[in-house]
Amino acid sequence: MKTAGDALSQRACPHVSEWWSLLDLPLDHGPAVARSARHALRRALIGQGLAQDTIDDAVLVVSELIANAVTHAVPPITLHVRLVPAASLLIVSVADGGAHHIGGPTGTTAAREHGRGRQVIAALATATGSTSEGHGSGRVHHWAALDLP
């Protein structure tokens, strides 16, 4: 059965017809969610024999994606992880229920202390993006592709 994570993998890598689903994990919407997602992701990636640097980068990217979902979106949140061997890519995605508000304070101390997650993700990933599921669901997948050594 194809999942939303599989469909995302196809959109992120349209030239690739084969990928392996490593993780589809529904997550609670709260402050402790990043910790449980990091542990599950680390276990899944270790099980694939990936390099420690790749695992560390993926865990950091997922932490940032989840922090954004918890801060800026409504539930439900789901972590999807796909391995694309032919393209030597790892695709991580966090799906959420869409934005709970638009805009927010800018220029404040709080705004300056936060908001660097996208920069961290862009620095570690080969490609990033957001894809809406459409069909009026409001679900959005925020994804990043990481190169495999």
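In this predicted model, Arg 82 forms a salt bridge with Asp 24, and their closest N and O atoms are 2.8 Å apart. The pair joins distant parts of the chain, since Arg 82 belongs to strand 2 and Asp 24 to strand 1, 58 residues apart. The count of salt bridges comes to two.

**Salt bridges**
- Side chains of opposite charge can pair when their charged atoms come close.
- Arg 82 is buried, at a relative accessible area of 1%, whereas Asp 24 is partly exposed at 34%.
- Asp 56 forms a salt bridge with Arg 42, with 3.2 Å between the closest N and O atoms.
- Because Asp 56 lies in helix 3 and Arg 42 in helix 2, this pair ties together parts that are 14 residues apart in sequence.
- Asp 56 is partly exposed, with a relative accessible area of 35%, and Arg 42 is partly exposed as well, with 28%.

**Helix 3**
- Helix 3 covers residues 52–72, and its 21 residues reach 30 Å from the first C-alpha to the last, close to the expected 30 Å.
- Its buried residues include Ile 55, Val 59, Val 62 and Ile 66.
- The buried residues of helix 3 pack against several elements, among them strand 1, helix 2, strand 2 and helix 5.

**Backbone features in loops**
- Most residues other than glycine have a negative phi, and most peptide bonds are trans.
- The peptide bond from Pro 75 to Pro 76 is cis, with omega near 0 degrees; Pro 76 is in the loop between helix 3 and strand 2.
- Ser 88, in the loop between strand 2 and strand 3, has a positive phi near 50 degrees.
- Ser 88 is partly exposed, with a relative accessible area of 34%.

Terms used
Residues are numbered from 1 along each chain as its sequence is written. This is a predicted model: local features need pLDDT of at least 70, side-chain atom pairs count only at pLDDT 80 or more; totals for chains, interfaces and linings use all residues. Side-chain values use heavy atoms; hydrogens and water are left out. Helices (H or I, at least four residues) and strands (E, at least two) are DSSP runs, numbered from the N terminus. The expected span of a helix is 1.5 Å times one less than its number of residues. Buried means under 20% relative accessible area, exposed over 50%, partly exposed in between (1.4 Å probe, protein chains only). Contact means heavy atoms within 4.5 Å. A salt bridge is a side-chain nitrogen of Lys or Arg within 4 Å of a carboxyl oxygen of Asp or Glu.
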